[in-house]
Amino acid sequence: VNKEKLHEWMHRLNEWDPHLFTLSHIPAWIHTYFSRFKRKVVIAKMAKEPALASKYHLKLHRAYASDDMMKDTEALEANISQLGRLLDMAEEQLTTTQYLVGDTFTMADAMFLPILGLIELLGVYKEYIKKRKNISSYWARVKHRPSYHVVIGRCFGGLSKYKTFLTTFISVGLRDITKRY
């Protein structure tokens with residue numbers, strides 16, 4: 001394995017911010033609901049642990065910044081454009097190799113799988129993956145790996161993704177109603 005290429009791919013994959021992409025592809029009411037809950041949790045923890053208030057204040061600041069990110073259309077467009085370039089580079093690389101760095105599954109592939117999984121989970125598979133023939137076949141191939149089923153597939157494959165969302169939504173809803181943060 002070419003370590004220099006491996007590090008290049010890992011760096012490229014790490015540069016992209018999936019948080020911003022996710023926020024731009026979920027309904028606003030879901031983001032608003034969970035964001036408000038997260039802020040309540042942080043405020044409650046801050047009140048319980050005054051010694052850690054400065055740490056919780058940073059978390060609260062990040063939660064509000066997340067809301068502001070949704071309003072920054074330039075940043076959202078730049079993030080989507082960056083993902084497109086990343087996928088185009090992967091598409092080109094996969095014309096000559098089976099995986100991102102060669103014919104062996106590497107850490108770069110392990111970092112790429114959650115990105116592809118997120119794209120599928122958010123329901124934008126056709127727009128980002130399906131139109132790229134090499135990534136489509138790569139994605140189909142890696143989804144058959146046992147490690148995929150252990151780490152990603154068990155939570156987000158088939159009906160499991162709806163079960164995961166529904167369980168989370170119910171749990172957060174109950175905690176919000178009972179004020180148990």
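Biologist: How many helices and strands does the protein chain have?

Modeller: Helices (H or I, at least four residues) and strands (E, at least two) are DSSP runs, numbered from the N terminus. Here the protein chain has 10 helices and zero strands. This is a predicted model, where local features need pLDDT of at least 70, side-chain atom pairs count only at pLDDT 80 or more, and totals for chains, interfaces and linings use all residues. Residues are numbered from 1 along each chain as its sequence is written, and side-chain values use heavy atoms, leaving out hydrogens and water.

Biologist: What share of the residues is buried?

Modeller: Buried means under 20% relative accessible area, with a 1.4 Å probe and protein chains only. In this protein chain, 34% of the 181 residues are buried.

Biologist: And what do the contacts tell us?

Modeller: A contact means heavy atoms within 4.5 Å. Of the contacts between residues at least 6 apart in sequence, 72% join residues at least 24 apart.

Biologist: How are the charges counted, and how many positive and negative side chains are there?

Modeller: Lys and Arg count as positive, Asp and Glu as negative, while His and the chain ends are not counted. The protein chain has 28 positive and 18 negative side chains.

Biologist: Which helices line the largest pocket?

Modeller: Rolling a probe the size of a water molecule over the atoms shows where empty space is left. At least two lining residues each come from α2 (18-24), α3 (28-48), α4 (53-69), α6 (107-121) and α10 (160-177). A pocket is an open set of points on a 1 Å grid where a 1.4 Å probe fits, with protein on both sides within 12 Å along at least five of seven lines; lining residues have an atom within 4 Å of a point. T22, I26, I30, F34 and F165 lie nearest the centre of this pocket.

Notes:
Buried means under 20% relative accessible area, exposed over 50%, partly exposed in between (1.4 Å probe, protein chains only). The place of a charge is taken as NZ of Lys, CZ of Arg, CG of Asp or CD of Glu.
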